[in-house]
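Look at the structure shown here, and keep the charged side chains in view.

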Amino acid sequence: MSAKLSEIKNGNCATVTSIEDSSIRLKLMEMGLLPGKAVTVLFRAPLGDPIAIDVNGFVLSLRLDEASLILVEEPSLAIA
Amino acid sequence: MKIALLGNPNTGKSSVFNLITGLRQQVGNFPGVTVEKKTGTLQIDGNTHTLIDFPGTYSLYPRSKDEQVVYSVLSNEDAEDYPDVVVVVVDQSNLERNLFLFSQIYDLGLPTILVLNMTDLAQRNGLSVDADKLKTFFPAAHIVSTNARVGMGKERLMTSIADMAQAAPERRTPIPLCPIDDVTCQEQEAASRYTFIHQVIDSSVLRIDKEKKAAVSSLDRLFVHPVFGYIIFAAILFVVFQFIFAFAVIPMDLIDTGFAEFAGWLSLSMPKGVFSDLICQGIIPGIGGVLVFVPQIALLFFFISILEETGYLSRVVFIMDRLMRPLGLNGKSVVPLMSSVACAIPGVMATRTIADWKERMITILVAPLMSCSARIPVYTLLIALVIPKTRILGVFNLQGLVLFGLYTLGLVAALLVAALLKFILKSRDKGFLMLELPSFKSPRWGNVGITVWEKVKVFILDAGKVILAISILLWALATYGPSESMKKNIAKAKKESKELHLSKEQAQQHVASAKMESSYIGQLGHFIEPAIQPLGYDWKIGISLITSFAAREVFVGSLSTIYAVNETDDVNKRLIDKMRAEKRSDGTKVYTLAAGASLMVFYVFAMQCMATLAVVKRETNSWKWPLIQIGFMGALAYFGAMITFHILS
């Protein structure tokens with residue numbers, strides 16, 4: 001199921017599929033956010049913005065409008 | 001040999017720097033920009049080498065103006081700071097992202113030392129790095145592992161630097177960087193670089209604990225909690241301010257009285273004359289006026305650097321960012337603004353961590369609007385003078401409420417001006433946060449101490465010059481005047497004292513008052529009287545406004561001189577009595593409620609602090625911003641005071 005990183009709930013994991021063309025795309029890529037990278041949303045600031053994500057063991061905080069540029073794929077839950 | 005020290009933020013780069021240079025450090029700026037450049041020296045085999053600490057970055061391609069220094073120095077062999085050897089510090093527990101910058105630097109072809117730092121953290125995270133395997137990917141690099149926080153690995157690193165100094169490896173053919181404005185090229189480079197890094201990681205990082213899942217630490221649960229997060233932050237601020245107000249006063253008083261006594265002693269032992277006056281009344285009090293800020297600066301940076309070292313500060317940024325953004329500020333503006341409640345000087349100096357130029361400028365410009373501790377003596381004097389000691393609704397003390405109102409007025413003004421500046425200041429880049437939240441660590445006291453020492457040194461050496469110059473100028477203006485009228489006034493005051501049978505002390509005060517009146521500053525006070533009349537002030541207040549440009553609390557001392565109040569015992573009470581009795585030529589009171597309140601508002605807004613001005617000049621590297629600051633704060637003060645006066649009278 002494809003979504004924006006900003007829409008992923010706390011504690012959930014998602015895989016980056018692409019980043020929208022923008023002035024900060026390069027910076028996000030340099031932080032290791034490339035297609036195929038699995039990230040976990042850890043927690044959000046009190047007003048829901050910014051969010052903190054885990055990228056390979058380090059915690060990165062992104063403003064919601066920054067996170068909404070990152071398109072991700074959520075692993076579909078197996079329905080038994 | 002010139003050695004460049006590079007690395008990502010939060011890799012312990014400054015610990016490595018402190019480890020191998022100790023206190024042999026200097027702080028300056030990179031040529032032409034206001035980016036802090038720390039240089040240190042180290043001695044190896046009798047040779048002195050220079051270590052240059054570059055700002056922490058994630059990539060050679062800059063994401064802010066400040067980071068541009070790294071690219072512009074390393075891409076230009078003729079640059080003043082172009083290194084012979086590069087030392088790159090990486091966090092082993094986070095090798096993937098750290099190798100990104102390292103591989104970029106490695107590709108420049110310079111002799112390179114890779115410092116694998118934070119061995120302990122990697123172990124805690126269940127990782128182990130195979131340095132031999134890593135070296136097969138970067139054959140020309142020396143690899144050293146350290147744990148700089150506990151001082152481990154110093155010898156290994158020094159040996160490696162010594163080897164480089166003796167027989168530096170040949171420079172390899174560099175792989176050229178992308179042009180600084182070619183983003184497509186840089187994005188392609190980033191993608192292919194990470195593909196390569198994944199191969200490196202797969203072969204050289206051993207994951208002992210394969211299924212270690214990302215988890216939220218319990219501390220983070222608390223610190224970013226919608227209720228407790230803010231309560232904890234408020235509690236920490238409360239404790240910090242308690243400490244500052246309780247303990248900074250002691251050394252500040254010592255400096256104050258120490259310098260006054262020294263000047264008094266010296267003036268007695270020196271031959272009388274202009275030279276003695278210049279030293280005892282101009283220069284020594286001027287130096288005292290610089291040093292008196294040191295306790296507050298030192299204490300604030302002591303606390304700020306502890307909070308920073310532990311990783312807590314980035315959580316504050318995280319929970320405050322959303323609240324500050326509508327005002328054109330950043331989560332990182334919170335600490336500078338809060339510090340300004342004690343003193344704007346450390347507040348302005350603490351804005352260095354704000355990477356975005358526009359957000360940093362707004363923070364610097366509005367920080368002095370926060371009511372600092374130097375306003376307290378002015379506020380308390382004026383409140384005691386014109387606000388009655390009554391209770392509102394039976395519980396609230398009116399005087400306390402007014403004091404609280406003045407602090408609130410300053411805070412609201414700071415936030416509103418920030419919101420306004422957001423639209424006025426133009427910036428090419430869109431501000432972004434993208435902040436790393438480092439893991440929690442206990443602070444290293446050595447690093448804390450060095451930070452405090454550096455901030456104090458920068459303040460004394462750089463801002464001190466300007467402060468000293470202005471205070472000597474102000475002293476000269478208050479001491480000298482057109483000689484004819486000065487002589488006449490002093491003679492008249494002496495005659496009056498005799499006629500009134502004043503005691504020797506009272507006579508001295510009477511003469512001092514007359515002298516001040518006829519000095520250049522006194523004349524200036526008369527000259528500006530028409531301009532300050534609409535605010536409800538007379539020329540005597542005008543004199544105090546001018547002299548207190550040195551520092552706000554000087555207002556009280558100046559009025560004491562003008563009203564000839566003995567400074568030794570219970571100044572405030574006697575000064576207040578004199579001020580209450582002060583009448584205009586038409587017989588009405590000078591210090592009415594309207595005039596008092598107008599003065600309070602004036603001091604909330606006006607940039608009456610040459611030390612802050614000097615620091616803003618230093619931090620922005622130009623006189624443009626401090627002048628703009630005087631201008632807009634002066635306008636706010638003038639019109640704010642005028643409106644207050646007219647509403648209340």
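At 17% relative accessibility, Arg325(B) counts as buried, because buried means under 20% relative accessible area, with exposed over 50% and partly exposed in between (1.4 Å probe, protein chains only). Its salt-bridge partner is Asp321(B), with N and O 3.0 Å apart; a salt bridge is a side-chain nitrogen of Lys or Arg within 4 Å of a carboxyl oxygen of Asp or Glu. Asp321(B) is also buried, at 0% relative accessibility.

This is a predicted model, in which local features need pLDDT of at least 70 and side-chain atom pairs count only at pLDDT 80 or more, while totals for chains, interfaces and linings use all residues. Residues are numbered from 1 along each chain as its sequence is written, chains are lettered from A and ligands numbered from 1 in the order in which they are written, and side-chain values use heavy atoms, leaving out hydrogens and water.

**Salt bridges**

- Over all chains, the structure holds 23 salt bridges.
- A network of salt bridges links Asp49(A), Arg63(A), Asp321(B), Arg322(B), Arg325(B) and Glu359(B).
- Glu30(A) bridges to Lys27(A), with the closest N and O atoms 2.8 Å apart.
- Both Glu30(A) and Lys27(A) lie in helix α1 (residues 25–30) of chain A, 3 residues apart, about one turn of the helix; helices (H or I, at least four residues) and strands (E, at least two) are DSSP runs, numbered from the N terminus.
- Glu30(A) is buried at 2% relative accessibility, and Lys27(A) is buried at 7%.
- In chain B, Asp53(B) and Lys13(B) form a salt bridge whose closest N and O atoms are 2.5 Å apart.
- Asp53(B) is in strand β4 (residues 47–53) and Lys13(B) in helix α1 (residues 13–21) of chain B, so this pair ties together parts 40 residues apart in sequence.

**Where chain A meets chain B**

- Contact (heavy atoms within 4.5 Å) involves 32 residues of chain A and 40 residues of chain B.
- Of the area that chain A buries against chain B, Glu30(A), Phe43(A) and Arg63(A) supply 21%, more than any other three residues; buried area is the accessible area (1.4 Å probe) that two parts lose on being put together, summed over both.
- Across this interface there are 6 salt bridges.
- One salt bridge joins Arg25(A) to Glu187(B), with the closest N and O atoms 2.9 Å apart.
- α1(A) gives the most to the side of chain A that touches chain B, with 6 residues.
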